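Subject: Structure handover

Dear colleague,

Here is the structure for you to look through. My notes come after it, so please keep it open while you read.

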Amino acid sequence: MPQMGESLSEGTITKWLKKPGERIERDEPLFEITTDKVDTEVPAPVSGILERILVNEGVTVGVGTTVAEIGDGAVAATTASPPPAAGAGHFRSSHEPTTFQRRGAQPPAAPAPAASSSGEKRGQLSPAVLSLAAESRLDIQELLEIPGSGAGGRISRRDVERYLRERPVRRESPAPLQRAPEGPPSHYLYQPEPGDKLVSMSPMRKQIAEHMIWSQQISAQVTSFTECDMHRIVRYRDENRARFEETEGVPLTFLPFVAEATVKALKEFPIFNASVVGDQIALKKHIHLGVAVALEEGLIVPVVANADEMNFVGLARAIHRLADAARSRRLTPADVRGATFTITNPGMFGGLTGTPMIAQPQVAILGLGAVAKKPVVVDDAIAIRPIMVLALTFDHRIIDGATGFQFLESIRRHLEEFEI
Amino acid sequence: MAVVTYLEAISQALREEMRRDPTVFLMGEDIGVFGGAFKVTKGFLEEFGEERVIDTPIAESGFTGAACGAAIMGFRPVVEFQFADFFSCAFDQIVNFAAKCYYRWGIPVPVVFRGPSGGGFRGGPYHSQNPEAWFTHVPGLKVVQPSTPYEAKGLLKAAIRDNNPVLYFEHKHLYRRIREDVPEEEYEVPIGVADVKREGRDLSIVTYGAMVHASLEAAEHLAKEGAEVEIVDLRTLAPLDKACFLASVKKTGRALVVHEAHLTSGLGGEVASIIAEEAWESLDAPVKRIGALDVPIPFSPTLEDAVLPSAAKIEAGARWLLEY
């Protein structure tokens, strides 16, 4: 299972494009996957015969999991074992996957001497051992440290019984102040009632949920706002809309204007184009601009790579291409990888403003409100102007309020003083 | 109390039941004048007369049908098949008539089919089989197989008194080799109840018939090395006493299922499945089976010994499980 973006930990195989026994060439599509970020085809890394499929369609597995074997065809079809059924992947434990692999425990016809290679059966835990461990509240690490007397060092029920008899009484675990890692107290949790309609979360939904919770826990997020007078841009857009679409082939939206202003501001304030690494701050050389796109099933953030090297038209084209690909689910893994700063535009659905959350491991995100006409004071007179509220959430660990306001002010100035 | 052999215990049960109940009578090949191929009914003709000890032609399907008819009419026939191998000659009468009559017409068929079974005495492919699994598969039949004289007598009495057709497998190899004190007073061994022949906490051997003795021998050897092997004698093969062997396996966490019948599709597969389904969380090792190799029973002594299970093979299987 390939890594489809640094925040991804798993992917679901949606379709195998080859059957076991078929020949496949390097870079030829082998299977399709869905992750919370992209749906894509995965090409074969080498040429050869697809010998075994190890993960069935519909099964979710962790990044790095071997999902198939390509070889020279020497493996006979009869040795192929059926892949796990759909859903089986959810039973993966977070421990070393190889520790719990159970294979080849065929009883020999004649009695075998104690297994020659030690450690061969060490991780094989019988139902009896697992039941006893659960009853005795032994955690898996402690269980695996029990000396095994079975063949190949296998831990038997009797080994566990002996261990439980002989082990020293455990200290009561301290840490009364630590939050329980299991989850919130039950009275904060909702118990579904009859009549509720329960809808399963999609992989994308679950990933967003996990990402947002973590984002809140590992950074110190504060949000600042400013109002931006968009009258120059609105006027320019109204005058050039048709011509721009004709000559450049993409519609003229507000987003590339904001993107250009943001890139300029990021160049002035590189602290917003950074990540926290331990007690250091990594200031990034290039600006890769994430642009959030709302989809029916969630949200995806394709990335305008090297936005710092693009002019206005280049930004407009790149944003249009990526949004289009996102909506028709044609994004490639590279399209969603490596954003250094994100712009989100919920304003396109109306609404004054919001407080966006940072996509980790970035340190800031800019949210756009709707462009709406409002009475404002211009040169001591009241005028009607198209106003957009900008909301900037930034990581207070490395950026203070003053800097946040300066950065917002810079974006506002670039937008209000727009000239082409 | 008197010490009797397994064979004498069977004779005693027949004689006592015939004295007790005038509706009990015997049919079979050479059971009258000759006293039976193994002499189980020696002297019966003299005591009970030819109306109650009936010599039949070599026509199993015919006399099985006749016995079923008599049972319907209120008798309690006990049919001796010269060898259990020849149950198959009367398969249709047993499986399609006797087993289903009560279900289909509400008429009980209280008949017992005795079949000397098993190998180990160079009988070759037609006189050594253990065909019990053909019948444990059929609803409507009860199937028993005693391993000791006490049980041979008590189970046969229970079979004769049961209102269902009962197949009674008596292992030829046990006939004169196994002897023990058997009470002279009246008793029955109930059908459907297994028995723990030896207690232990390290491994359960679930078995029946002649293999109970081979397993006991293996357990003796292993005991010298400190292993406590429990032996469950099923005694009744249909209906199975699941509770008994499940309790044993839950205690020991390891199960070895042994029968002399062929391994494939033998009753051991059923027992192993029940253990896997109902004692899964107690299992500390795979459920292992031992049975005869899947070939006809050879006449050659060397080959027969290689094909049939033995105390040594059971010991090896038990050791593999104990060391697992």
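The model is predicted: local features need a pLDDT of at least 70, side-chain atom pairs count only at pLDDT 80 or more, and totals for chains, interfaces and linings use all residues. Residues are numbered from 1 along each chain as its sequence is written, while chains are lettered from A and ligands numbered from 1 in the order in which they are written.

Confidence and overall make-up

The scores of the model are ipTM 0.77 and pTM 0.55. Twelve helices and 14 strands make up the secondary structure of chain B; helices (H or I, at least four residues) and strands (E, at least two) are DSSP runs, numbered from the N terminus. Of the 324 residues in chain B, 53% are buried. A residue is called buried if 20 or more other C-beta atoms lie within 10 Å of its own, exposed if 12 or fewer, and partly exposed in between, with C-beta atoms placed from the backbone. Two residues are in contact if their C-beta atoms, placed from the backbone, lie within 7 Å. Among contacts in chain B between residues at least 6 apart in sequence, 79% join residues at least 24 apart.

The sheet in chain B

Chain B has an open sheet of seven strands with mixed pairing, in the order β3-β2-β4-β5-β7-β6-β12. Two strands pair if DSSP finds at least two bridges between them. At the edges are β3 (53–55) and β12 (236–238) of chain B; each has a single partner strand, so one side of each has no neighbour in the sheet. From one strand to the next the twist averages 20°.

Strand β4(B) pairs in the parallel sense with β2(B) over five bridges, and B:Phe25 has B:Pro77 as its bridge partner in β4(B). With β5(B), β4(B) also pairs in the parallel sense, over three bridges; here the partner of B:Val78 is B:Val112. Five of the five residues of β4(B) are buried. In a regular strand the side chains alternate between the two faces of the sheet. Both faces of β4(B) are covered, with B:Arg76, B:Val78 and B:Glu80 buried on one side and B:Pro77 and B:Val79 buried on the other.

B:Gly28 is in strand β2 (residues 24–28) of chain B. B:Gly28 counts as buried because 25 other C-beta atoms lie within 10 Å. Not counting residues up to four places away in sequence, B:Gly28 touches B:Thr56, B:Val79 and B:Glu80. The C-alpha atoms of B:Gly28 and B:Phe81 are separated by 6.2 Å, although the two are 53 residues apart along the chain.

Helix α7 (residues 149–161) of chain B lies across β2, β4 (76–80), β5 (112–117), β6 and β7 of chain B, at about 160° to β7(B). Axes are lines fitted to C-alpha atoms, for helices over the stretch in contact, and angles run from 0 to 180 degrees between N-to-C directions.

Cores and chain contact

A nonpolar core is a set of buried Ala, Val, Leu, Ile, Met, Phe, Trp, Tyr and Cys residues joined through C-beta atoms within 7 Å. The largest has 110 residues, and B:Ala159 and B:Ala318 have the most contacts inside it. A second, separate core of 56 residues includes A:Val291, A:Val304, A:Ile319 and A:Phe407.

Between the chains, 14 residues of chain B are in contact with 16 residues of chain A. On the chain B side, helix α12 (residues 311–323) gives the most, with four residues.

Backbone details

Cis peptide bonds join A:Gln360 to A:Pro361, with omega about 10°, and B:Ala238 to B:Pro239, with omega about 0°. B:Pro239 is in the loop between β12 and α9 (242–252) of chain B. A:Asp379 is not a glycine but has a positive phi of about 50°; A:Asp379 counts as exposed because it has 5 C-beta neighbours inside 10 Å. B:Arg235 also has a positive phi, near 65°, and is buried, with 26 other C-beta atoms within 10 Å.

Regards
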